[in-house]
Amino acid sequence: MTKPNYELMTELELRDYVRRNPQDEDAFQHYLSIIRSRPGVLCTTDEEADAEMERRINQGQR
């Protein structure tokens, strides 16, 4: 199975992919790098990153 090109996915597509494929560490790390690149978002631990991702997922479902 070939891995998808995360660079070509929109943020929403990548987020959905990560939700469907939680074992894909590369996709998760790429998604986190997108989140971390935003001003004012600082994740220094895995727990903070998980909480931030969950918050953004829930925010997008409204």
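Helices here are DSSP runs of H or I with at least four residues, strands are runs of E with at least two, and both are numbered from the N terminus. With that in hand, welcome to the tour of this predicted model.

**Stop 1: the whole chain**

Start with everything shown as a cartoon. You will find three helices and zero strands, in the order α-α-α from the N terminus on. The radius of gyration is 11 Å, close to the 11 Å that the globule rule gives for 62 residues, so the chain is as compact as a globular protein of that length. Turn the model along its principal axes, and the C-alpha trace spans about 35 × 25 × 20 Å. If you colour by accessibility, 32% of the 62 residues count as buried.

**Stop 2: helix 1 against helix 3**

Next, select residues 11–20 for helix 1 and residues 46–60 for helix 3. Two packed helices are described by the angle between their axes and the distance between the axes. Here the angle is about 115° and the axes lie 12 Å apart. Angles of 65 to 115 degrees count as roughly perpendicular, which makes helix 1 roughly perpendicular to helix 3. Their crossing is left-handed.

Now show side chains at the contact. From helix 1, pick Arg15, Val18 and Arg19; they meet Met53, Arg56, Ile57 and Gly60 of helix 3. Sorted by class, this contact has three nonpolar, one polar and three charged residues.

**Stop 3: Arg15**

Stay in helix 1 and centre on Arg15. Is this arginine buried or exposed? The cut-off for buried is under 20% relative accessible area, and Arg15 has 11% relative accessibility, so it counts as buried. Leave out residues up to four places away in sequence, and Arg15 touches Tyr31, Arg56, Ile57 and Gly60.

**Stop 4: His30**

Finally, move to helix 2, residues 25–36, and select His30. His30 is buried too, with a relative accessible area of 18%. Which residues surround His30, leaving aside its neighbours within four places in sequence? Display Tyr6, Glu7 and Leu14, and you have its contacts. To finish, draw a C-alpha to C-alpha distance from His30 to Glu7: the two are 8.6 Å apart in space, yet 23 residues apart in sequence.

How values were computed: Residues are numbered from 1 along each chain as its sequence is written. This is a predicted model: local features need pLDDT of at least 70, side-chain atom pairs count only at pLDDT 80 or more; totals for chains, interfaces and linings use all residues. Side-chain values use heavy atoms; hydrogens and water are left out. Axes are lines fitted to C-alpha atoms, for helices over the stretch in contact, and angles run from 0 to 180 degrees between N-to-C directions. Angles under 35 degrees count as roughly parallel, over 145 as roughly antiparallel, 65 to 115 as roughly perpendicular and the rest as oblique. A crossing is left-handed if the near helix is turned anticlockwise from the far one by less than a right angle, and right-handed if clockwise. Contact means heavy atoms within 4.5 Å. Ala, Val, Leu, Ile, Met, Phe, Trp, Tyr, Cys and Pro count as nonpolar, Asp, Glu, Lys and Arg as charged, and the others, Gly among them, as polar. The radius of gyration is taken over C-alpha atoms; the globule rule is 2.2 Å times the number of residues to the power 0.38. Buried means under 20% relative accessible area, exposed over 50%, partly exposed in between (1.4 Å probe, protein chains only).
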